[in-house]
Amino acid sequence: MNKTIRQLLDTADLLLTDTGEPATSAAATASRCRGATFALRIALESAVAGRLTAHRAPRAIREGTQRAAFLWLRGCAEAGTARRAKAVWSQLCLGCHYHQYEIGPTEDQVRAWHTEVVALVALLVR
């Protein structure tokens, strides 16, 4: 695992760590969860890019849209791994976007995503 991916995962973990401060506001908790979600998404995207580079994917795929990268990943990783990566990436994308009518991802959701991203990164960078 490269240093950048490790730092992103550590950042997400730090944002999810209970600070021990009494009654953190709901807005602060939501902001920490959204920030952790961004870090997880970028870590996953970096791991996918690394896998594509290792398998000599065309530059247009490596530097194009993530949708194209996840399609190409099917040929560079096991089918189950590629499906899991695409599924969690889709959820992370939804968690990153702010909508006035949504509360955003919960701590439990982000922790579950964190666990899944760590497992996927381990499978993709080996």
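(Helices are DSSP runs of H or I with at least four residues, numbered from the N terminus.) The model is predicted: local features need pLDDT of at least 70, side-chain atom pairs count only at pLDDT 80 or more, and totals for chains, interfaces and linings use all residues. Residues are numbered from 1 along each chain as its sequence is written, and side-chain values use heavy atoms, without hydrogens and water.

Next, select residues 26–54. This is helix 2, with 29 residues. From first C-alpha to last it reaches 42 Å, close to the 42 Å expected at 1.5 Å a residue. (The expected span is 1.5 Å times one less than the number of residues.)

Now go to the largest nonpolar core, which has 33 residues. (Such a core is a set of buried Ala, Val, Leu, Ile, Met, Phe, Trp, Tyr and Cys residues joined through side-chain atoms within 4.5 Å; buried means under 20% relative accessible area with a 1.4 Å probe, protein chains only.) Select Leu 40, Leu 44, Val 48, Leu 73 and Val 117, which have the most contacts inside this core. Which helix supplies the largest share of this core? Helix 2 does, with nine residues.

Stay on Val 117. Leaving aside neighbours within four places in sequence, Val 117 is in contact with Leu 9, Leu 40, Leu 44, Val 88 and Leu 92. (Contact means heavy atoms within 4.5 Å.)

Methods: Helices (H or I, at least four residues) and strands (E, at least two) are DSSP runs, numbered from the N terminus. Buried means under 20% relative accessible area, exposed over 50%, partly exposed in between (1.4 Å probe, protein chains only).
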